[in-house]
2 protein chains.
Amino acid sequence: MTHKDIAQLLTTAIEQQKFDTAIGQVHDLRPIDTADILALIPPKLSWQLLDRLPNRATVFSYLEAEDQVALAYQFPRANLARLVGDMPSDERTDLYKRLDQSQRDALLPALAQAEREDIRLLSAYAEGTAGALMTSDYATLKAQMTVAQALAALRLEAPDAETIYHAYVIDSERQLIGVISLRSLILASPEQIIGDIMLTSVVASNVNEDQEDVAKKVARYDLIALPIIDDSGALVGIVTHDDAMDVASDEATDDFHKSGGVSSLVGSFKDTSIRILYRKRVFWLVFLVFGNLISGVGIAHFEEVIAANLVLVFFLPLLVDSGGNAGSQSATLMVRALATGEVVMRDWFSLLGREALVALLLGITMAAAISVIGYVRGDAVVSLVLALSMVSVVMIGCVIGMSLPFVLNKLGFDPASASAPLITSVCDASGVAIYLFIASKFLPL
Amino acid sequence: MTHKDIAQLLTTAIEQQKFDTAIGQVHDLRPIDTADILALIPPKLSWQLLDRLPNRATVFSYLEAEDQVALAYQFPRANLARLVGDMPSDERTDLYKRLDQSQRDALLPALAQAEREDIRLLSAYAEGTAGALMTSDYATLKAQMTVAQALAALRLEAPDAETIYHAYVIDSERQLIGVISLRSLILASPEQIIGDIMLTSVVASNVNEDQEDVAKKVARYDLIALPIIDDSGALVGIVTHDDAMDVASDEATDDFHKSGGVSSLVGSFKDTSIRILYRKRVFWLVFLVFGNLISGVGIAHFEEVIAANLVLVFFLPLLVDSGGNAGSQSATLMVRALATGEVVMRDWFSLLGREALVALLLGITMAAAISVIGYVRGDAVVSLVLALSMVSVVMIGCVIGMSLPFVLNKLGFDPASASAPLITSVCDASGVAIYLFIASKFLPL
């Protein structure tokens, strides 16, 4: 049965108030699948089923942001408070931030004091930081505990903690002093002391660190969760591996979009409105229209040589595009290597030499191809002009393409803004100038 | 101390055969950091330290492929066998595949029978499948065990299993019939039966499934590990969350490179040779040189209208680029949405309408900008020609850009091959034809 079919069945069951049938339908499903199905049912009906599911908080957390908000408006206040109270703290805070003021005011008094405080703390961190990503549902231990005591403590914490597979050892000031895995606990003898067997060199992130760096750390050290500390070294949260994986995927999407000259899209591409798509794309397109006028100025400057040798126009798009294509390749390689951390800013100069050499070889290959065609359509001089132009255009294109991400980074922009369209336009302008300049030296006016 | 400084210290210590000092230096480090440092020391020296580290197999697994092979040639055969025997089975198989035949023949007899068999089985799976990615170091339980027996069994399996946080329940035919988390085991009472508390709707992948789909499943269901089954439903391995995260990152890099018209690079970008970089880039560049000749043919066809109206050349790069830019945006959005699974093949038609509408709005905006400049530089007729051309070029560009990934996919190519350079060239050719066709209708010959 597809999700659509199940949604159909559920809709009927809810309309007839047959909730046991409905619950039975989704009983064996993973929470994310249940969430996908609920999203296909009108909120007016689906909240009634959701409210009756034993894993309602988990299912609700998997819903898309807009579906969560739509459902929140259907729930009676007491039921909403129960649901929200059971949600993981990071998801709860995200939902809270999306509600309007009147919803927030209605919800807050219904929550427990600890949950209110938790929302207040977590919602204070800026978007895109470790603080905004982390959850405060983690398991802690004390260094003086025995392994038996630690296991008993974890048993108590398990229902609320996002993971108990790594437990964090803190002192009386909540300073993070160690970490221990449940695997080590299981393997240790019950009377051993946590302080003696914990790992003291803990990989952690500061609460203000960029979420991209957090995801990289989780990936590098193969962590199940990364502890997050404040400036004083006190443990304030953890980021779990699944959230880190989502961040890595979102950041890759973001870079990918930028590379194509699209501003960051938030949320699902499929559901994005025409207005938003227009807004995210129009800036670069219009900006580049004006950027391309520079190519036009180059053409205007060499109008006479063009008028006298119309064959030049035949090869114009080809030559100009080749520089842009080679430059896009260089930029693509560099932007991704910067994003994965394989290349850092100070590598620019050492990579420049290799890039120039590769560009020279590529330029010579392409010059060989074009000069044959030039000879057929024009003559030996045209052929020479084309070959010289091609090598120059490709080399300049590659140097621009590989350098622009670094320059943008220096200026405080994301290197991924060195998009193919931007590189193409910059290379076009220089390509036109180089081509027509070389032509004006060899061809009659 | 930087990694370079530590490597310096270690080199001296090894040369003086002071291994206790050397081991002390890396004792508190994470395995991946130790591996990064060892990579900075000549293999002739570094193997001596590595061989003495208690976590040598883990550290070795974190080394880059070429460093592993270089070290393998330094190790005495018995020591290498001990090292390889302790490696996780997926890493061990990867190393084995990289050794030359004489190395393999030397290594195999030194390994235990079970390890030889394991290598034989794992190395049989095609690259890029779940089978090539999975490890055979997983923990299994029987349905009739009590929780107490299960915990005792996991304690025995823990030293060898990559994870014991999820244990897989199999029957006497090794069929995968359930999964249970260590968290549930810890929370259950000791006399409960595994068969009663395990989860029976297990998310699993077939051993021949594409590694990209495996990574997507791990991400979707927030798994610590995904069980891999063969065609008969028998459990043959698991893929852990950290390996899935690496695959997702590699696939994103691959798509990113393709989007810039670069063929897949294997291994570190920084260490890639000039020869490889040339080879990975030259195909598309030369291919597109010939592709761009089509634009030239368009220009040749309309040579007379150009000769009579040289102002057309001034706007040629601009108009032609605008179509390519808009098309690149469309392709970028589509390629990434296809890669993340947000959009599937059958969505093409329903997305086409939205795309056309967005393109129309973008085209009108850009036409407004260009027609003003056209009026200033030319006259009202030129202005009209430019505006009409711009709207057409942008709309055609967007439709090509959004459709090409689908078409390529239908033809059996990766949709990410719809790179910016390819889109630019296709849009250029159609842009030249549209522009000059419209011009020929309105302007004097």
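Two strands count as paired if DSSP finds at least two bridges between them, and strands here are DSSP runs of E with at least two residues, while helices are runs of H or I with at least four, both numbered from the N terminus. Keep that in mind, and hello everyone!

A word on the ground rules. This is a predicted model, where local features need pLDDT of at least 70 and side-chain atom pairs count only at pLDDT 80 or more, though totals for chains, interfaces and linings use all residues. Side-chain values use heavy atoms, without hydrogens and water, residues are numbered from 1 along each chain as its sequence is written, and chains are lettered from A, with ligands numbered from 1, in the order in which they are written.

Strand β4(B) pairs with β5 (residues 225-229) of chain B in the parallel sense, over 2 bridges. One of the details here is that N206(B) has I229(B) in β5(B) as its bridge partner. The open sheet has 3 strands, ordered β4-β5-β6 (chain B), with mixed pairing. Because β4 (205-206) and β6 (235-240) of chain B each have a single partner strand, they stand at the edges, and one side of each has no neighbour in the sheet.

Over to chain A. Its domain assignment, automatic or from a database, gives domain 1 (1-123), domain 2 (136-257) and domain 3 (272-440). The C-alpha centres of domain 1 and domain 3 of chain A are 52 Å apart.

Now, how do the two chains meet? Counting heavy atoms within 4.5 Å as contact, chain B contributes 117 residues and chain A contributes 117 residues. Together they bury about 10,600 Å², with 66% of it on carbon and sulfur atoms; buried area is the accessible area (1.4 Å probe) that two parts lose on being put together, summed over both.

Next, salt bridges: a side-chain nitrogen of Lys or Arg within 4 Å of a carboxyl oxygen of Asp or Glu. How many cross the interface of chain B and chain A? The rule finds 8, including D33(B) with R220(A), whose closest N and O atoms are 2.6 Å apart. On the chain B side of this contact, helix α19 (residues 311-340) gives the largest share, 20 residues.

Over all chains, the structure holds 24 salt bridges. Among them is D51(A) with R82(A), at 3.2 Å between the closest N and O atoms. This pair links distant parts of the chain, 31 residues apart: D51(A) is in the loop between α4 (43-50) and α5 (56-62) of chain A, and R82(A) is in helix α7 (residues 77-86) of chain A.
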